[in-house]
Amino acid sequence: MINYQQFITESGKLSLNFIGLGKMGNTVCNNLINPNYSLLGYDPYTTQNIKIKTTNNLFDFTKNQSIIFSSLPNDKVVKEIFINKSLASFMKPNSIHVSLSTISPELSKHLYKIHSENSCHFISAPIFARPDGLAKKEAYIPIAGNPEVVSIIKPILEKTSTKVIYFGKEPEKANVVKLCGNFLICSAIESMSEAFNLAESYEIDRVELHKMLSGTIFDCLIYKGYGHRVSTHDHTPYENAHFALDLGHKDMILTKNASQNKNVEMPVLDILNNKFKKAKEENLNKLDWSAISLI
């Protein structure tokens with residue numbers, strides 16, 4: 001049985017460890033800096049302004065029972081650290097690994113398996129937010145895994161988000177939720193692009209159309225934010241306020257793989273995938289993913 005007290009330091013603080021201190025991981029850490037937590041991070045490649053104590057040795061996280069949050073860019077990096085470098089095999093029994101990354105459901109299932117074989121716990125909790133929204137604690141986080149373990153992790157994540165929503169015992173379910181959400185966001189970008197192009201062909205001001213729609217029947221975050229980008233053709237990679245096109249394509253590929261594994265047809269996803277491929281051919285991959293609307 002897991003016990004919250006096993007993660008408390010001699011000074012009475014909850015010990016939290018972080019692998020990946022990029023824009024997202026570092027922002028989570030900044031949101032969690034308080035007198036009740038002892039934070040330790042690892043990321044030898046980060047360019048962020050780090051405010052917490054760091055280590056250059058991954059295996060410092062395996063000296064004691066620990067809670068490890070990972071915020072990493074893709075499946076490849078997650079596999080490299082937890083499988084190839086065998087971090088998962090060296091974690092002390094009853095330690096917890098919480099993945100905040102958008103990874104494939106298949107990798108999530110595999111991580112659950114190898115952690116369980118080592119008497120450890122794996123929780124998936126990918127974050128819906130850009131760094132600027134996350135900094136204001138405006139994130140939404142689907143979470144899945146052992147409910148007893150989630151009861152320990154959820155209150156921590158609630159301190160860096162608007163809401164944390166539980167989706168079941170199987171960790172991969174949270175990853176599927178994240179892929180579904182990103183697919184819908186990307187679909188909205190494409191739909192707005194087509195709608196604004198149609199309006200413009202009839203000499204209707206696309207910006208004014210966006211203002212009208214996002215202030216009435218589509219009065220929500222995605223249609224306001226991405227609608228502005230699409231209507232003004234502004235796909236600049238603003239600091240902390242964009243999602244890179246190549247990362248967006250990575251997520252659509254993960255979604256495609258997940259759908260194929262269950263024989264689910266997603267024709268809109270095929271359209272989006274082709275848009276991403278053409279955008280990359282035109283060297284747009286460093287722009288915001290809304291730049292698919294330029295194709």
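Y226, F243 and W289 form one aromatic cluster in this predicted model, where local features need pLDDT of at least 70, side-chain atom pairs count only at pLDDT 80 or more, and totals for chains, interfaces and linings use all residues. Residues are numbered from 1 along each chain as its sequence is written, and side-chain values use heavy atoms, with hydrogens and water left out.

A pair of aromatic rings is described by the distance of the centres and the angle of the planes. Rings of Phe, Tyr and Trp (its six-membered ring) pair if their centres lie within 6.5 Å, and planes under 30 degrees apart count as stacked, over 60 as edge-to-face and the rest as tilted. Five aromatic pairs are found when the whole structure is searched, and the table gives two of them.

| Pair | Centre to centre | Angle between planes | Class |
|---|---|---|---|
| Y226 and W289 | 6.2 Å | 75 degrees | edge-to-face |
| F243 and W289 | 5.0 Å | 85 degrees | edge-to-face |

The Y226 and W289 pair links distant parts of the chain, 63 residues apart, with Y226 in helix α9 (residues 221–232) and W289 in the segment after α11 (267–281); helices (H or I, at least four residues) and strands (E, at least two) are DSSP runs, numbered from the N terminus. F243, in the loop between α9 and α10 (245–261), is 46 residues from W289.

Burial is judged by relative accessible area (buried under 20%, exposed over 50%, partly exposed in between, with a 1.4 Å probe and protein chains only). Y226 is buried at 8% and W289 is buried at 1%, whereas F243, at 21%, counts as partly exposed.

F243 also belongs to the lining of the largest pocket, where F243, M24, A129, R130 and P131 are the closest to the centre among 49 lining residues. On a 1 Å grid over the protein atoms alone, a pocket is an open set of points where a 1.4 Å probe fits, with protein on both sides within 12 Å along at least five of seven lines, and lining residues have an atom within 4 Å of a point. This pocket holds about 1,600 Å³ of space, a volume being the space filled by probe spheres set on the points, which are joined across faces, edges and corners. Helices α1, α2 (75–84), α5, α7 (172–201), α9 and α10 each supply at least two residues of its lining.

Helix α1 (residues 23–32) is mostly covered, as seven of its ten residues are buried.
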